[in-house]
Amino acid sequence: MARKKRNIIRFPNGIHLNVGIVIFIFIAVYIAFNVYNYFSAVQIGIYEVEQGTIEVNTSYTGLILRQETVITAQQTGKLDYYLKDNTKAANGTLICSVDENGNVSDKISAAANDASAVLAEENLTDIQNSVYEYMKVYDDGNFYQTYNFKSDISGKLMEAMNLGALDAVSDYTDYARDNRTFHLYYAAQPGIVAYYTDGYESYTTDRITADIFNQSDYQKKSLKTSGEVQSGEPVYKLITDENWQIVVPIDETMRDTLADGEVTEISFKEDDTTAWADYTIEKRDGQFYLILNLRNSMIRYAYERFIDINILLDQQTGLKIPNSAITVKTFDLVPNDYFTKGNDSDTSGLLVERLLEDGTYGKAEFVPVTVYYQTEDNSYISQDNIKQGDLIVKTDSTERYEIAETDRLKGVYNVNKGYAVFKQIVELYHNDDYTIVESGTDYGIALYDHIALEGSTLNEDQMIVR
């Protein structure tokens, strides 16, 4: 009877194993290996790199600085105004009057109460035209314009009625002026008239400190509330230059964003208008200040000291990644001219003399290394294969370089292959949630790469479970 042939593998050392047993052992080892990898690997969130854009429209509250002259009363008495607030005044324009006895002021008030007697036809026509123009441009979406319109009409009425009343009682004013008890105040130079003070009139950019921007301490005093004035007190101020400035405290990120420019566009939140401004950046007591220089539109904000603006920058487009993915890693720096190729291969690496425990150095050996970033002079390599204190040898030379200098790179962990590989990034801009990084960089990431969502939780070559 023929003996049944068995499938046996004979090993050189004399061990004979059945093929089935060998296959079983192989499968068992394979399963054990994968189970080990699964439980030793890190389970993390994955983010697919995408093309993205961040709008760089940044909101700030700025401090307005202007050339302002405060005019004070030379007498004590009743105060009347003849020009509406925030109005351009030519040289010699009548602004206000001070009546020491109060008699003329009372007659002016009484005459002003009779609008039909003091309002000329041209005044009524001007007010009627203003109402008509407002009705043509009215927009429910810009209701704030209603308050501007109300203020403008009220100012025109006050100006027309007070001037008309002053003219109506000219006999009394002439008599009082002859007796030097009634005094008229005229603009000594062209400018914009404003009826408030706040103590900031003499400030210039070289006096800026962080405390000035504390609006809880800010006090604006209206000059039209009491109707009376003491000698030496302000009666109005004159803004005498169309050039004005907005000073904005900014952080280092915005400083870097604006560092290479000279002009930027801003928008005013109050009325949604825009303007272009030259700018400079100064640093005082550790704080950066953006100084915006404007040459028009100052009259629109003559009543404001603090103003909310947006700095309108270009859109930043590139590879968009979550901020949580970004981490920092330390690398050794080695000169580029120390790199060589391995024996009979194209593998790039270094000839390393390792520092031994007794303080001596071992024989030079070729060590393959991965370059994570490169400058004109140096390469950034991992600290895993080569240690601080080791010497690297330049090929065909006696020159040696001690591994000592380090630097840090900002980057993310690429997990395309199932394990973590550090990739450096070049930031273009970031907000609270995302960062735009430059695409197409050497040693960087590419569109659709998979990166770890929480970069700080990983190490180089760590296995990943998706």
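Trainee: Where is Y448 found?

Mentor: In this predicted model, Y448 sits in the loop between β34 and β35.

Trainee: What makes Y448 count as exposed?

Mentor: Set the value against the cut-off. Exposed means over 50% relative accessible area, and Y448 has 55% relative accessibility, so Y448 counts as exposed.

Trainee: And what is the phi of Y448?

Mentor: Phi of Y448 is near 75°, a positive value in a residue other than glycine. S297 is another case: its phi is positive, about 65°, and S297 is not a glycine either.

Trainee: Where is S297 found, then?

Mentor: S297 belongs to the loop between β20 and β21.

Trainee: Why is S297 called partly exposed?

Mentor: Partly exposed covers what lies between under 20% (buried) and over 50% (exposed). S297 has 27% relative accessibility, so it counts as partly exposed.

Trainee: What about Y443: where is its place?

Mentor: Y443 is in the loop between β34 (434-437) and β35 (450-452). At 31% relative accessibility, Y443 also falls between those two limits, so it counts as partly exposed.

Trainee: How do you know which residues Y443 is in contact with?

Mentor: Contact means heavy atoms within 4.5 Å. Leaving aside neighbours within four places in sequence, Y443 is in contact with V371, Y372, Y373, Q374, K423 and Q424. Take V371: it is 72 residues apart from Y443 along the chain, and their C-alpha atoms are separated by 8.1 Å.

Trainee: Fine, let's go inside. Why is V248 called buried?

Mentor: Buried means under 20%. V248 has 0% relative accessibility, so it counts as buried. V248 lies in strand β17.

Trainee: Which residues is V248 in contact with?

Mentor: Leaving aside neighbours within four places in sequence, they are Y60, T61, G62, F288, Y289, L290, L292 and I309. V248 and I309 are 61 residues apart in sequence, and 9.4 Å apart from C-alpha to C-alpha.

Trainee: What makes a group of residues a nonpolar core?

Mentor: The residues must be buried, come from a set list of types such as Ile, Leu and Phe, and be joined through side-chain atoms within 4.5 Å. The largest nonpolar core here has 30 residues, and those with the most contacts inside it are I246, F268, L292, L294 and I309. Elements giving two or more residues to this core include β6 (57-65), β17 (244-250) and α7 (252-258). Apart from it lies another core, of 17 residues, among them L79, I95, A187 and L238.

Trainee: Which residues is F268 in contact with?

Mentor: With neighbours within four places set aside, F268 is in contact with W244, I246, T273, A275, L294, Y301, I307, D308 and I309.

Trainee: How much space lies in the second largest pocket?

Mentor: About 240 Å³. Of the 13 residues that line this pocket, the closest to its centre are V263, T264, L312, L313 and D314. The largest share of the lining, 3 residues, comes from β18. By class, the lining has 7 nonpolar, 4 polar and 2 charged residues.

Trainee: And how many helices and strands does the protein chain have?

Mentor: There are 7 helices and 36 strands. Buried residues make up 39% of the 466 residues in the chain.

Methods
Residues numbered from 1 in each chain as written. Predicted model: local features only at pLDDT ≥ 70, side-chain atom pairs only at ≥ 80, totals over all residues. Heavy atoms only, no water. Buried < 20%, exposed > 50% of the residue type's maximum accessible area, 1.4 Å probe, protein only. Helix = DSSP H or I, 4+ residues; strand = E, 2+ residues; numbered from the N terminus. 1 Å grid on protein atoms, 1.4 Å probe; cavity = no way out; pocket = protein on both sides within 12 Å on 5 of 7 lines; lining within 4 Å. Points joined across faces, edges and corners; volume = space filled by probe spheres on them. Nonpolar A, V, L, I, M, F, W, Y, C, P; charged D, E, K, R; others polar.
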